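Have the sequence and the 3D view open as you read.

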Amino acid sequence: MVVSSCSLTWTSSYLSHKLNLPHSNHLLRNTTTSSSNNVSCAMETTSSTERHCQRRPLLLGIGALTANLLPANSLLAEEIPDRYRSFVDYEDGYSYIYPSDWKEFDFRAHDSAFKDRYLQLQNVRVRFIPTEKKDIRDLGPMEEVITDLVKHRYTAPNQRPTIYDMQERTIDGKHYYTMEYVLTSRNYASASFTTLAIGNGRYYTLIVGANERRWKKVRDQLKVVADSFRLLDI
């Protein structure tokens, strides 16, 4: 069952699995390593016009409490900056934050997605697939994993990719790979951050991006989203 609210949420662990929360007040510690690279290659991609394959259930619940009354745990321990909201999925085991003026939308084959109200290509989406791996490091060294993904999964034959940065973060013993890259074609270029993580028997991918022409303006805002992705134990 889902609880989704702009201002008030009821927090029974029995009745709620997915929360959409406003500003909160706690901070998690994390460590980050970074590697900058430039890579050019060609490959296949998925369309940015894909639509979500499932619609989320309507808000259900009895009573209301403010988000400040939510129990303190790793789901909600992250400080939520001003102008962001938190999306917490208890059922599927992940959370992240996104700009507070974005709206939810359907993106095919993705579990959750939000986009700018006026610039639809400026969006974030999350999907996951089953895996027998236990940790993102089980896939191999960060540079090899990211380069292979960009080369074989994210780029269409008519696109030229450039990877600008790679980072590994460790938070509460869980590891995350994040990459920044641009895909350029003859008439269009997109820029994105992608964060990868493995847990709960699932391989999670968060992608947040925008038109490359706007990247300098929105990059820092979208980096906050990419870095906010967290695995939750389920």
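Not counting residues up to four places away in sequence, Ala210 touches Leu121, Gln122, Ser190, Ala191, Trp215, Val218 and Leu222, where contact means heavy atoms within 4.5 Å. Ala210 is found in strand β13; helices (H or I, at least four residues) and strands (E, at least two) are DSSP runs, numbered from the N terminus. Ala210 counts as buried because its relative accessibility is 2%. Buried means under 20% relative accessible area, exposed over 50%, and partly exposed in between, with a 1.4 Å probe and protein chains only. Leu119 lies 91 residues from Ala210 in sequence, yet their C-alpha atoms are 8.4 Å apart in space.

Before going further, please keep in mind that this is a predicted model: local features need pLDDT of at least 70, side-chain atom pairs count only at pLDDT 80 or more, and totals for chains, interfaces and linings use all residues. Residues are numbered from 1 along each chain as its sequence is written, and side-chain values use heavy atoms, with hydrogens and water left out.

Now for the interior. A nonpolar core is a set of buried Ala, Val, Leu, Ile, Met, Phe, Trp, Tyr and Cys residues joined through side-chain atoms within 4.5 Å. The largest one has 29 residues, and Tyr96, Val124, Val208, Leu222 and Phe229 touch the most other members. Two or more residues each come from β5 (84-89), β6 (94-99), β9 (123-130), β11, β12 (189-199), β13 (202-211) and α2 (215-228). The largest share, 5 residues, is that of α2. A second, separate core of 17 residues includes Val150, Met166, Tyr203 and Ile207. Look next at Val124: leaving aside neighbours within four places in sequence, its contacts include Tyr96, Trp102, Phe114, Leu206, Val208 and Val225.

The aromatic rings deserve a stop of their own. Rings of Phe, Tyr and Trp (its six-membered ring) pair if their centres lie within 6.5 Å; planes under 30 degrees apart count as stacked, over 60 as edge-to-face and the rest as tilted. The structure holds 14 such aromatic pairs. Tyr94 and Phe229 are stacked, at 5.9 Å centre to centre with 25° between the planes. Tyr94 lies in strand β6 and Phe229 in the loop between α2 and β14 (230-231), so this pair ties together parts that are 135 residues apart in sequence. Phe229 also pairs with Tyr204, this time tilted, at 6.0 Å centre to centre and 55° between the planes. Because Tyr204 lies in strand β13, that pair links parts 25 residues apart in sequence. Both Tyr204 and Phe229 are buried, and so is Tyr94. Ring pairs link Phe87, Tyr94, Tyr96, Tyr98, Phe114, Phe128, Tyr176, Tyr204 and Phe229 into a cluster.

In helix α1 (residues 142-154), the buried residues are Met142, Val145, Ile146, Leu149, Val150 and Tyr154. They cover an arc of only 125° around the axis, which puts them on the same side of α1; the arc is that of the directions from the helix axis to the C-beta atoms. Strand β10 (residues 160-171) is mostly covered, with 9 of its 12 residues buried. It runs antiparallel to β11 (residues 174-184), joined by 11 bridges; two strands pair if DSSP finds at least two bridges between them. Across this pairing, Asp165 stands opposite Glu180 in β11. The hairpin has 2 residues between the strands, and there Asp172 takes a positive phi near 50°.
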